[in-house]
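Have a look at the model first, then read on.

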Amino acid sequence: MFEDIPVDVSPMYEGERIRSANMFVEFAGPKSIGAELVQVEEDVEDGKIEVVGPNLSEMKEGEIYPFGILIEIKGEKLEKELEGVIERRTHELCNYVKGFMHLNQRDQIWCRVSKEAKDAGFKLEHLGKSLSILFKEEFPIIEAISIKIFTNKEDVESFLEKTSTLYEERDARARKLSDEDVDVFYGCVMCQSFAPTHTCVVTPDRTALCGAINWFDCRAAAKMDPDGPIFEIEKGEVLDEIKGEYVNVNTVMADRSQGTVDRVYLHSVFGYPHTSCGCFEAVAFYIPELDGVGIVDRDFKGETPLGIPFSAMAGQCSGGKQVEGFAGLSLEYMRSPKFLQADGGYERIIWLPKAIKDSLIDFIPEELAEKIPTEEDANSIKEIRKFLREKNHPVLERLKEAKTAAESETETVEEETSTEMEAMPEMEGVPMAQVAYTPELSLPSSGGVKIIFKNAKIYAEKVIIKRK
Ligand code: SF4
């Protein structure tokens with residue numbers, strides 16, 4: 001079947017990574033443009049493969065080129081609703097081709113061809129042919145398939161105009177529905193090949209974190225293949241509506257993660273946030289100094305206020321991990337009224353890249369838009385604090401309340417202990433590193449004095465304890 005393709009094609013190459021030293025050329029990615037699209041059409045010439053623009057033989061080693069893949073499919077049982085889910089498989093199936101690496105989805109794709117593949121005689125037509133065979137194998141309801149690959153800047157640009165309109169149409173449809181309107185959510189385990197403990201829970205309000213699959217897509221996919229990687233989760237009993245915790249979701253998470261994760265909050269970065277695979281479009285991260293949440297997307301090139309770029313942050317929380325204070329998410333989820341609702345939604349957002357802010361401006365509450373800084377306004381904790389004060393961001397109220405609560409707790413403790421303070425021994429030599437960051441610390445005392453530190457940070461060069 002793959003006999004006239006000069007490289008191997010098999011699922012065993014899915015994890016292949018092509019480093020820049022081993023790369024012949026790169027396609028799309030952060031330094032160029034690209035997209036992929038699957039369309040169900042009435043008229044499809046089966047097996048037609050077309051490359052529009054320069055092929056590998058006309059490309060220069062080490063260069064980066066624009067890239068577009070248009071996959072047209074036809075089949076009696078194919079529905080428009082299946083386009084998103086079938087399109088999402090492009091990532092996996094491209095990676096079956098030895099010497100071709102594919103990352104991400106939609107207009108975020110990033111691909112490379114290895115030098116070995118080029119030397120073996122691999123051409124872009126071979127990628128198209130491999131995909132046409134693999135898609136038909138994976139989805140027997142595809143009766144005819146044709147593939148067009150674009151590598152010209154002008155063609156990719158006009159392809160991008162088309163894709164962005166169609167992506168938006170798909171997303172807008174799902175936006176009309178909310179979690180309360182349905183009895184069924186969906187799970188997706190497509191990313192378990194590289195994130196074995198990860199299951200995406202897709203609800204009307206929470207588009208999958210890759211941004212490529214919404215609730216309608218999942219419904220069509222689960223109907224087409226009930227035993228496939230996308231499956232139904234009966235919504236069932238709600239444990240916490242605001243945080244988005246459901247008994248059945250927890251059960252599915254525990255089952256599909258082999259017991260690694262047994263609780264998930266769909267709408268919070270605290271406690272038990274949703275696990276993150278590695279395909280997420282953005283990451284929400286807690287900024288403890290200001291008790292707020294920042295957002296960074298994969299297109300953002302600079303450092304976040306935490307002093308690390310997106311890639312380093314993604315490394316900390318991907319692979320199916322559940323890391324409190326971090327949550328991978330789709331940009332579409334940021335358009336939902338339930339976006340991190342348990343944490344305060346946009347009232348808790350204290351930093352995000354300008355490009356995201358501009359693209360979401362119609363979904364950010366009007367009174368908050370000017371209060372949330374971007375990289376153009378602030379880049380460090382100090383600068384963000386200054387900006388939040390100038391704009392009177394609502395997170396300041398939280399900080400004030402937390403401070404007042406801490407002070408009143410301190411006063412209570414002081415009152416409780418004041419009568420006995422005279423009897424308290426001086427402290428010297430206590431390892432204060434143990435005291436700092438200890439949420440609650442109780443030091444036993446021989447004279448009946450009890451000292452309680454709650455959420456205390458104590459700094460001291462030395463502490464002296466003397467026998468009286
Ligand atoms: Fe499925 Fe989630 Fe991976 Fe998207 S990110 S393919 S929804 S598991």
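The lining of the second largest cavity splits into three nonpolar, two polar and three charged residues, where Ala, Val, Leu, Ile, Met, Phe, Trp, Tyr, Cys and Pro count as nonpolar, Asp, Glu, Lys and Arg as charged, and the others, Gly among them, as polar. A cavity is a set of points on a 1 Å grid over the protein atoms alone where a 1.4 Å probe fits but cannot get out, and lining residues have an atom within 4 Å of a point. This is a predicted model, in which local features need pLDDT of at least 70, side-chain atom pairs count only at pLDDT 80 or more, and totals for chains, interfaces and linings use all residues. Residues are numbered from 1 along each chain as its sequence is written, and side-chain values use heavy atoms, with hydrogens and water left out.

**Second largest cavity**
- Its volume, the space filled by probe spheres set on grid points joined across faces, edges and corners, is about 40 Å³.
- Glu 14, Arg 88, His 91, Glu 92, Met 190, Cys 191, Ser 193 and Phe 194 form the lining of this second largest cavity.

**Largest cavity**
- Two cavities of 30 Å³ or more are counted, and the largest holds about 90 Å³ of space.
- Its lining includes Val 189, Leu 209 and Ile 213.
- Ten nonpolar, one polar and one charged residues make up the lining of the largest cavity.

**Ligand**
- The ligand takes up the largest cavity, as more than half of its atoms lie within 2 Å of the grid points.
- Around the ligand are Arg 88, Cys 188, Met 190, Cys 191, His 198, Cys 200, Ala 208, Cys 210 and Cys 277, each with a heavy atom within 4 Å of it.
- This shell has seven nonpolar, one polar and one charged residues.

How values were computed:
On a 1 Å grid over the protein atoms alone, a cavity is a set of points where a 1.4 Å probe fits but cannot get out, and a pocket is an open set with protein on both sides within 12 Å along at least five of seven lines; lining residues have an atom within 4 Å of a point.
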